[in-house]
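Me: Hi! Could you walk me through this model? I'd like to start with the strands and then move on to side chains and pockets.

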Amino acid sequence: MRITVLTVAGCPNARPAVELVEAALEGREAEVELVEVRDEAEAVERGMYGSPTVLVDGTDPFAPPGAVPSLSCRLYRGADGTVSGVPGEAALRRVLAGVR
């Protein structure tokens, strides 16, 4: 499994996103990489829908329908309606549990 956290320079949620991914892995082996995206073209190429974007094997499991790649800040809405700068841990654990 390969997990990539895409971020922009200075994003305060970059490190928390990586830490969340590492915690959600629960000891499973995975390559976790933090990548700083520098411009809109790279955001489009990599599939970045705001910073931070968490890609699991190259796919953003949290991308809302119709999302457009961008360098903007990203907010994640939890099942209970709360908003955070990183995905919910339970949601991320479910995503990772479905990846072989």
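Reply: Happy to. Two strands pair if DSSP finds at least two bridges between them, and the elements are DSSP runs numbered from the N terminus, helices (H or I) having at least four residues and strands (E) at least two. Before we go on, this is a predicted model, where local features need pLDDT of at least 70 and side-chain atom pairs count only at pLDDT 80 or more, while totals for chains, interfaces and linings use all residues. Residues are numbered from 1 along each chain as its sequence is written, and side-chain values use heavy atoms, with hydrogens and water left out.

Me: Got it. How many bridges join S1 to S2, and do they run parallel or antiparallel?

Reply: Strands S1 (residues 2-7) and S2 (residues 31-36) run parallel and are joined by six bridges. Thr-7 stands opposite Glu-36 of S2.

Me: And what does the chain cross through on the way from S1 to S2?

Reply: Helix H1 (residues 14-24), in a right-handed β-α-β crossover. Right-handed here means that, with the strands pointing away from the viewer, the path from the first strand over the helix to the second runs clockwise.

Me: Back to Glu-36: which residue forms a salt bridge with it?

Reply: Arg-38 does, with the closest N and O atoms 3.3 Å apart. The rule is a side-chain nitrogen of Lys or Arg within 4 Å of a carboxyl oxygen of Asp or Glu. By this rule there are five salt bridges.

Me: Are those two partners buried or exposed?

Reply: Arg-38 counts as exposed at 65% relative accessibility, and Glu-36 is partly exposed at 37%. The cut-offs are under 20% relative accessible area for buried and over 50% for exposed, with partly exposed in between (1.4 Å probe, protein chains only).

Me: Nice. What about Glu-42, which side chain does it meet?

Reply: Glu-42 meets Arg-46 in a salt bridge, 3.0 Å from N to O. They are four residues apart in helix H2 (residues 40-46), so about one helical turn separates them. Glu-42 is buried at 17%, and Arg-46 is partly exposed at 35%.

Me: Where do Arg-74 and Asp-60 lie?

Reply: Their side chains meet in a salt bridge too, at 2.7 Å from N to O. Arg-74 is in the loop between strand S5 (70-73) and S6, and Asp-60 is in the loop between strand S4 (53-56) and S5, so the pair ties together parts 14 residues apart in sequence. Arg-74 is buried at 5%, and Asp-60 is buried at 10%. Elsewhere, salt bridges that share partners join Glu-26, Glu-89 and Arg-93 into one network.

Me: Switching topic: how much space lies in the largest pocket?

Reply: About 290 Å³. It has 17 lining residues, and the closest to its centre are Tyr-76, Arg-77, Gly-78, Pro-87 and Gly-88. On a 1 Å grid over the protein atoms alone, where a 1.4 Å probe fits, a pocket is an open set of points with protein on both sides within 12 Å along at least five of seven lines, and lining residues have an atom within 4 Å of a point. Grid points are joined across faces, edges and corners, and the volume is the space filled by probe spheres set on the points.

Me: Which elements give two or more residues to that lining?

Reply: Strand S6 (76-77) and helix H3 (89-97). H3 gives the most, with four residues.
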